[in-house]
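This report describes a predicted model. Please keep the sequence and the three-dimensional view at hand while reading.

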Amino acid sequence: MTAAATRSTAHSIVEASPRTKAFAGGLVILYAVITILPLLWIVATAFKSQSDAIAYPPKVIFEPTLEGYVNLFTVRTRQTPDFIAKLPPPETWYDQLVRKRDMVIAGPSKVVPRFVNSLIIGFGSTFLAVFLGTLAAYAFSRFRIPLADDLLFFILSTRMMPPVAVAIPIYLMYRQLNLTDTRLGMILLYTAVNVSLAVWLLKGFIDEIPREYEEAALVDGYTRLQALRKVVLPQAVTGIAATAIFCLIFSWNEYAFAVLLTSGEAQTMPPFIPFIIGEGGQDWPAVAAATTLFVVPIVMFTVLLRKHLLRGITFGAVRK
Amino acid sequence: MTTISQPDHATMPGVSTPVKSRAARRVRGLSDRTIAWLFVAPTIALLLAINIFPLIWMIRLSFTNLNLSMSYLPLRFVGLDNFRDILTDEDVWFRLQTTAQFVISSVALQVVVGFGLALLINRQFRGHSFWTTIILLPMMLSPAVVGNFWTLLLQPQIGPFNYLISLFTGVPPSSFSMTGQVSLAPWTIVLVDTWMWAPYVMLICLAGLRSIPDYIYEAAEVDRASAWRQFWSITLPMTVPFLMLAVLFRAIENFKMFDMVNLLTSGGPGSTTELVSISLKRAAFEKWRTGYSSALAIILFVTVFGAANIYVKTLNKVKQR
């Protein structure tokens with residue numbers, strides 16, 4: 001109560017004047033606009049035609065087209081206009097779009113399998129990391145574990161290691177185990193990286209749940225595991241969800257392991273996107289389309305996570 | 001995993017009758033020590049299998065001449081030769097120097113931009129929350145995807161970046177190349193890294209600023225301390241632990257930087273932006289000099305491990321606040 005009282009008087013002294021606020025606001029908005037421009041440029045490039053995308057001077061106003069997205073999802077072959085004229089009329093709007101460029105759709109591109117890989121590896125590793133992380137975090141939070149601080153440091157330090165250095169022995173090990181370029185291999189690897197974040201974050205969340213709740217449940221005759229399931233987990237749901245999103249974002253964005261340890265079967269989106277090529281180099285509208293589709297979930301998650309972002313990037317140390 | 005969930009089910013009788021005698025609980029429930037052990041073991045086991053076992057294997061390999069592109073050669077133990085080669089190799093020192101320059105300039109720039117933004121946002125103007133979220137977006141993106149799309153933005157002829165620069169300065173847009181020029185490329189990776197990570201420093205500094213109680217400023221007002229004085233004797237010292245946290249983490253991350261730079265410049269032009277991780281990748285996955293690169297990897301491990309130690313100590317210090 002007294003804290004609230006001092007705060008309300010504090011504002012009269014400490015709060016900035018309207019002019020200072022307007023000045024600060026102006027600068028921040030300027031920075032925000034500059035920082036978001038590159039992203040908007042990519043989103044716009046996805047709707048440009050090939051020639052608009054590489055026009056000089058760079059085009060801000062252009063006629064939007066879905067060619068970039070069509071090119072992203074298809075493999076096309078160039079044909080002579082005569083050949084195309086002899087074909088039966090196009091069945092779909094995208095057939096029509098492609099034929100305007102003297103091309104014929106030859107089949108689907110690899111983007112969907114890569115996207116599916118990203119989803120499977122992302123969700124698989126997130127589920128495992130959060131499951132293992134919740135158990136370990138609960139134990140670290142509630143029980144006296146010998147050398148707990150050292151173990152926690154060990155767990156975190158594994159995440160700090162340079163991925164390229166880690167990839168060298170993993171590459172050799174996976175070759176022996178036939179795990180190279182498999183989803184299982186990538187899931188295990190990402191789980192190992194994510195579990196350290198999960199333990200640290202979840203320990204913070206579980207530390208915040210008062211022990212009294214569980215102790216009351218234990219007195220009522222619940223076993224430890226029942227108390228964990230019925231009392232602790234429901235209270236930790238928000239924390240678990242936030243942790244899961246952080247793990248998912250890591251797996252979704254990860255590039256170093258993916259590019260060094262996968263080549264086809266298990267390749268995820270990040271190593272795939274830069275190699276979307278058209279005739280003569282990178283097909284920028286298609287690359288931009290892939291980037292847009294890839295980034296949209298991240299933007300949504302960022303907004304969802306906004307309140308917990310600080311915790312996530314400091315391994316739970318800084319809370320508010 | 002089943003070993004953990006089974007006792008749970010076994011001890012889950014009718015949910016509606018949780019009241020049991022203490023003796024029954026002791027018999028049917030697992031002891032706390034067993035649970036603690038069961039809960040921590042899978043995580044430790046996974047980390048041992050995926051991190052520690054390969055690490056030990058790598059230590060062994062670092063004493064060998066293993067080269068995967070010439071695996072017909074007999075495996076020979078060469079003692080500390082790889083380490084000696086690395087530490088006496090001028091190229092390696094040059095890469096380390098490139099990396100140090102990148103780490104120092106990018107982190108310094110991020111601190112200036114991030115701390116500045118945090119001070120401004122802390123003024124709590126209207127809509128600050130919305131604009132903060134916008135500013136935070138870059139750091140959530142995939143560094144590889146960021147590196148890739150910045151190559152489009154930085155194209156000399158068709159990219160909007162050069163075009164904007166030429167609008168403001170009059171320099172012809174195709175007269176310079178941010179990623180292809182020896183004098184500019186090292187600054188380009190700093191620029192893009194700052195675009196991505198200044199928000200990170202900002203977010204942590206903001207937490208630091210908000211942790212300073214108002215009454216300290218009130219006392220300063222009473223003592224008629226100038227705004228300048230307040231900044232130097234209250235704001236800055238009280239934010240420093242948070243700033244340290246951000247600086248350490250960014251320094252570690254940038255020391256091992258691979259993804260963004262690999263796609264933006266792939267170490268070029270020449271080797272002007274070839275950071276240690278990129279050079280390690282070339283040695284290990286292009287030249288397949290596994291023994292040599294294992295030794296280099298171990299040197300990196302030890303460095304990062306030391307830095308991580310300091311980082312965790314700072315974490316714990318900040319946590320006590």
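## The strand pair of chain A

Strand 1 (residues 74-78) of chain A lies largely in the open, because the number of buried residues among its five is zero. A residue is buried if 20 or more other C-beta atoms lie within 10 Å of its own, exposed if 12 or fewer, and partly exposed in between, with C-beta atoms placed from the backbone. Helices (H or I, at least four residues) and strands (E, at least two) are DSSP runs, numbered from the N terminus.

Strand 1 of chain A runs antiparallel to strand 2 (residues 103-108) of chain A, and five bridges join them. Two strands pair if DSSP finds at least two bridges between them. Within strand 2 of chain A, Met103(A) is the bridge partner of Arg78(A).

## Basis of the model

Residues are numbered from 1 along each chain as its sequence is written, while chains are lettered from A and ligands numbered from 1 in the order in which they are written. In this predicted model, local features need pLDDT of at least 70 and side-chain atom pairs count only at pLDDT 80 or more, whereas totals for chains, interfaces and linings use all residues.

## Helices of chain A

Helix 13 (residues 237-253) of chain A has 17 residues and reaches 24 Å from its first C-alpha to its last, close to the 24 Å expected at 1.5 Å a residue; the expected span is 1.5 Å times one less than the number of residues. Helix 13 of chain A is mostly covered, with 14 of its 17 residues buried.

An unreviewed UniProt entry places the feature "transmembrane region" at several spans of chain A, including residues 22-44 and 119-139. Such annotations may be inferred rather than shown by experiment. In the model, residues 22-44 of chain A are 100% helix, with end C-alpha atoms 31 Å apart. Residues 119-139 of chain A are likewise 100% helix, and their end C-alpha atoms lie 30 Å apart.

## The side of chain A that touches chain B

In total, 90 residues of chain A are in contact with 92 residues of chain B, contact being C-beta atoms, placed from the backbone, within 7 Å. Helix 2 (residues 18-45) of chain A gives the most to the side of chain A that touches chain B, with 16 residues.

## Chain B as a whole

The secondary structure of chain B comprises 14 helices and zero strands. Its C-alpha trace spans about 85 × 80 × 35 Å along the principal axes. Of the 321 residues of chain B, 40% count as buried.

Note on methods
Contact = placed C-beta atoms within 7 Å.
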